[in-house]
Amino acid sequence: NAYTARLRMLVVQQHRAGAPRAWADNLRDLHDDFRRAFVDEWREGDVVPPLRAVLIGADTDNTETDSLGYVRSIDLR
């Protein structure tokens, strides 16, 4: 993030030009995602803090294109 070092972004899926557009299921291990995102700060024995928010977004300001996405559901287990 350009404004703070406390946020990390993980790209889960990118649309490829010419690829069919369809619903896609994504299964994530949020604990592992957190550790990978903060690998530069992670120390053995650290505890992953409780989940406080989930953000789903798209960013196209650098490509000067449009983006449209839909979320059907989020299931946290």
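Begin with a rule for the charged stops: a salt bridge here is a side-chain nitrogen of Lys or Arg within 4 Å of a carboxyl oxygen of Asp or Glu. Keep in mind that this is a predicted model, in which local features need pLDDT of at least 70 and side-chain atom pairs count only at pLDDT 80 or more, while totals for chains, interfaces and linings use all residues. Residues are numbered from 1 along each chain as its sequence is written, and side-chain values use heavy atoms, with hydrogens and water left out.

**Stop 1: the charged network**

Select Arg28, Asp32, Asp33, Arg35 and Arg36: salt bridges link these residues in a network. Across the whole structure, a search turns up 7 salt bridges. As a general point, side chains of opposite charge can pair when their charged atoms come close.

Zoom in on aspartate 33, which sits in helix 1; helices are DSSP runs (H or I, at least four residues) and strands are too (E, at least two), numbered from the N terminus. Is aspartate 33 buried or exposed? Aspartate 33 counts as buried, because its relative accessibility is 9% and the cut-offs are under 20% for buried, over 50% for exposed and in between for partly exposed (1.4 Å probe, protein chains only). Its salt-bridge partner is arginine 28, at 2.8 Å from N to O. Arginine 28 has 36% relative accessibility, so that side of the pair is partly exposed.

The two side chains also make a polar contact, again at 2.8 Å. That term covers a pair of N or O atoms within 3.5 Å; within protein, one must be able to donate a hydrogen and the other to accept it, and residues adjacent in sequence count only if both atoms are side-chain atoms. Now show the neighbours: leaving out residues up to four places away in sequence, aspartate 33 touches Leu10 and Arg28, where contact means heavy atoms within 4.5 Å.

Next, pick aspartate 32 and arginine 36. Their side chains meet in a salt bridge of 3.4 Å, N to O. Both lie in helix 1, 4 residues apart, or about one turn of the helix. Aspartate 32 is partly exposed at 29% relative accessibility, and arginine 36 is partly exposed too, at 45%.

**Stop 2**

Select glutamate 41 and arginine 8, which form a salt bridge with the closest N and O atoms 3.1 Å apart. This pair links distant parts of the chain: glutamate 41 is in the segment after helix 1 and arginine 8 in the segment before helix 1, 33 residues apart. Glutamate 41 is partly exposed at 35%, and arginine 8 is partly exposed at 28%.

Leucine 27 has a relative accessible area of 83%, so it is exposed.

**Stop 3: the aromatic rings**

Show the rings of Phe34, Phe38 and Trp42, which ring pairs link into a cluster. Rings of Phe, Tyr and Trp (its six-membered ring) pair if their centres lie within 6.5 Å; planes under 30 degrees apart are stacked, over 60 edge-to-face and the rest tilted. By this rule there are 2 aromatic pairs. One of them joins phenylalanine 34 and tryptophan 42, edge-to-face, at 6.2 Å centre to centre with 75° between the planes. Phenylalanine 34 is partly exposed, at 25%.

Stay on tryptophan 42, in the segment after helix 1. Not counting residues up to four places away in sequence, tryptophan 42 touches Phe34, Arg35, Val47 and Val48. Then draw a distance to leucine 68: the C-alpha atoms are 34 Å apart, and the residues are 26 apart along the chain.

**Stop 4**

Go to glutamate 64, in the segment after helix 1. What is the phi of glutamate 64? Phi is positive, about 55°, although glutamate 64 is not a glycine. Most residues other than glycine have a negative phi. Glutamate 64 is exposed, at 73% relative accessibility.

**Stop 5: a nonpolar patch**

Finish with Leu30, Leu51, Val54, Ile56, Val71, Ile74 and Leu76, which form a nonpolar patch on the surface with about 650 Å² of accessible area together. Patches are made of residues with over 30% relative accessible area and no salt bridge, joining like charges within 9 Å and nonpolar side chains (Val, Leu, Ile, Met, Phe, Trp, Tyr) within 5 Å. The areas come from the Shrake-Rupley method with a 1.4 Å probe; for residues, only the protein chains shown count as cover. Colour leucine 76, in the segment after helix 1 (30-37): leucine 76 is exposed, with a relative accessible area of 51%.
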